[in-house]
Amino acid sequence: MGLRQALAGLAGAAPVPVFAVEGPGAGAALDAVRLDPRVRLVDSPRAANVLLVVGGVPRRLLRPTVRVHDQMSHPRCTVWWPRGAPTRRLATRLPGILLVGPGDDAMSVVMDTHRTLLRGDRPSDPAVLPDVEPAPWRGVGPYRQGGKGMTGGVPFGRPMATRAPDRDRLELDFLPVRIGPCIPFFPPGLVLELRVQGDVIQEARIGEPAFVLSPDRDDPFRQALREPVLIVELERARARHHLRWAAGALRFHGLGALGERVLRLAVASELNVADARALIRLLERTRVLAWATSGVGVIPTERLAGTGLGPTARATGLVEDARTEDPAYRALGFAPVVTRGGDARARWRQRLEEVVQALELAERADRRRTEVTGVVESPHGRLAAGSAPTAALLERLPDLLAGQEWGDAMTTVVSLDLAPALPHTPAAP
Amino acid sequence: MRPHAPPLLAPLAVGAALLIGVYLTAVLDRALGAWVGGRPLRPGRALAGPVREAALLVLQQRTRTERSDAEAWALAPALLAALAAVGVAVVPLGPAAAVADVQSGIVLFGAAVALVMVAVFLNGWSANSFFPLLGAYRFVALALSYEMPFALVLIAAALPAESLAVGEIVRSQVGLWNVIRQPLGLPIYLMTALGIAFWGPLNLPDAEDLAGGTRAELSGMALLLWRVARSAVLVAVTAMGAAVFLGGWQGPWLPGWAWMAIKTLSLLVALLLAGHLLPRVRQERFVVFGWVVLIPLALVDIFLSGLLLLLR
């Protein structure tokens, strides 16, 4: 047995490094991937061997996905788990792509493909895009590093730094940067166009909004718009949603193992108040609710009054909750939980309190159903036909990010839970 | 003459110590991650995991970026590992067992630690990519805030020994370890050691909010070397912590090297656990904390140590 085979044998037993790209309709499919010890989701495509595309690939995600594919190291392959989305477009661009069929186990496909890849039984995916510079480099100097017309704008296809006053009115370089739609801690699909000076964001713009991940029919909140649904289902779904969000936010704050614990609770078949309380006590002992989030991304109360932005609005002290309009909830003694502060820490606290409240309501609700249709309090806020709470939140994002340091700005994005609840972009590609 | 290893044996001894330390770091980190994550711990998986992942990275090709600085990029992990090696070399394992217990060992260690900034900056800058560059600048912006208190508490520990040799500092702790004599020392040292090794709450250059920061563009062997070098730095700072604050090789019944290993591993577990339980700090807040709290406390530590020395 050669050295390569020996290494391939060893490597085949390691967790498969996977970079995931989520498209519309991906739902919570990645939760199972995150909890599977046979794979490891990595935060940069460079470190991945397998590109896992989950959900549909609309036109605006096509080129970024192909670019991510080409950024991966050899040996590499792509597995597509479309979950019912049409599959032609991406399959044409990436000929070697493997499809996970409706009856297939996605993890088995990933594992088997990776093993054949390591053994050399399957060729590594070739690059799809031409590996050339966007335009000929025309710099001068010993390293061709300089030249006229090389500051500002996008000369030769590259955004260049130029000067502008910073927050202290000093003339400093700023750089235009476009990030998304495949950043691991971003809501999938979200693209931000930023102008950064050092690590301070001077200006932000929404390039593209986030995708709708949840398939419409499975979403109890969407169902509650049309017909009365069991309160126990609605509240459990709310608790699970907030726990899923907390798991992602913990990963973002560098607490992957703790995030895994929270995610396991979010997907557990039995979810009870005692477990949720124990979790909150644990999280309070870590400093997530203190130094990592305190004072970050403060939204003043008056800016959110009347917006129906759910936990984000209630975290600024506003008592706004569509559930108060429902007699079924009133009969359960429901009163909205409210936190003060309006910063990322308040949003954390608010969601964790709402997890406990939702599970308490679920325990009391028995077989009771909602009595109001046409409007429902979703985990993102007030949902009514044609309205999208996260879209309203997204509009406020640029103002919130401007002037923040990179880390704080990203903490703000994560704390707002921007994955949309209703399709304000087409759900299917 | 202070103990030192023969020139040919020294690199082997340092290499072996670092490799064992790095392997144990990886195993312990997995075990603690499983415990914190509430996942069943499989000893086989924890023990073989680092080797398997290393094999995977060896088989992965290295990628390149547009107009990267290839030489500097290749140098960065080597430099980081070399600095960790210098750090470990000056830490004695026993009264007569040291690779290079030089007269100014603590100064050499401090110099190596200060240069970690260069390695991290090179790694981030050479990729010619946005996230790594931002990670690199972050480290430079933060470095002074923890390097100063780190160096100050080491100097305070050297005062009772009246020597800069690490072996002498260990000997000065007979009967009373520095962790008791200088209660401010070890907590400040451990807090800032996390920054030196950019680990856990102080992992700002390679952070998740930068999609991996300075390592975002690394793959294959380069990524493996970077991860090994970073763990090696953690091993070096914990070994020094064990020698300078926990009495080094001193302890009953067991041989000196065993006490050193136990003490180093306990500090390692403490730091790894902090990595799993404490979120990343905010950059600006930590700079303020460093200058307003840590540096003055470290100066108080020096002042009190000097006072005790005068009153002795």
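Predicted model: local features only at pLDDT ≥ 70, side-chain atom pairs only at ≥ 80, totals over all residues.

Me: Why is the pair formed by B:F121 and B:Y137 called edge-to-face?

Reply: The search over all chains finds 16 aromatic pairs. In the pair of B:F121 and B:Y137, the centres are 5.4 Å apart and the planes are at 70 degrees. Rings pair if their centres lie within 6.5 Å, and planes over 60 degrees apart count as edge-to-face, so this pair is edge-to-face.

Me: What does the pair of B:F121 and B:Y137 tie together?

Reply: B:F121 belongs to helix α4 of chain B and B:Y137 to helix α5 of chain B, so the pair ties together parts that are 16 residues apart in sequence.

Me: Why do B:F121 and B:Y137 count as partly exposed?

Reply: The relative accessible area of B:F121 is 22%, and B:Y137 has 46% relative accessibility. Buried means under 20% and exposed over 50%, with partly exposed in between, so B:F121 is partly exposed and B:Y137 is partly exposed.

Me: What makes the pair of B:Y146 and B:F286 tilted?

Reply: The ring centres of B:Y146 and B:F286 are 6.1 Å apart, with the planes at 50 degrees. Planes under 30 degrees apart would be stacked and those over 60 edge-to-face, so this pair is tilted. B:Y146 lies in helix α5 of chain B and B:F286 in helix α11 of chain B, so the pair ties together parts that are 140 residues apart in sequence. Both B:Y146 and B:F286 are buried. Ring pairs also link them into a cluster with B:F139, B:F198, B:W226 and B:F289.

Me: How do you know that the charged end of A:R195 sits over the ring of A:F174?

Reply: The charged end of A:R195 is 3.8 Å from the centre of the A:F174 ring. The distance has to be within 6 Å, and the charge within 35 degrees of the ring normal. B:R280 lies over the face of A:F252, at 5.1 Å from the ring centre.

Me: Why is α4(B) called roughly antiparallel to α5(B)?

Reply: The axes of α4(B) and α5(B) come within 8 Å and cross at roughly 170 degrees. Angles over 145 degrees count as roughly antiparallel, so that is the term for α4(B) and α5(B). Among the residues in contact are B:F121 of α4(B) and B:Y137 of α5(B).

Me: What makes α9(B) oblique to α10(B)?

Reply: α9(B) and α10(B) pack at an angle of about 125 degrees, with their axes 8 Å apart. Roughly perpendicular runs from 65 to 115 degrees and roughly antiparallel begins over 145, so α9(B) is oblique to α10(B). The crossing of α9(B) and α10(B) is right-handed.

Definitions and conventions:
Residues numbered from 1 in each chain as written. Chains lettered and ligands numbered in written order. Heavy atoms only, no water. Phe/Tyr/Trp six-rings, centres within 6.5 Å; stacked < 30°, edge-to-face > 60°. Helix = DSSP H or I, 4+ residues; strand = E, 2+ residues; numbered from the N terminus. Buried < 20%, exposed > 50% of the residue type's maximum accessible area, 1.4 Å probe, protein only. Axes fitted to C-alpha atoms, helices over the stretch in contact; angles between N-to-C directions. Parallel < 35°, antiparallel > 145°, perpendicular 65-115°, else oblique. Left-handed = near helix turned anticlockwise from the far one by under 90°. Contact = heavy atoms within 4.5 Å.
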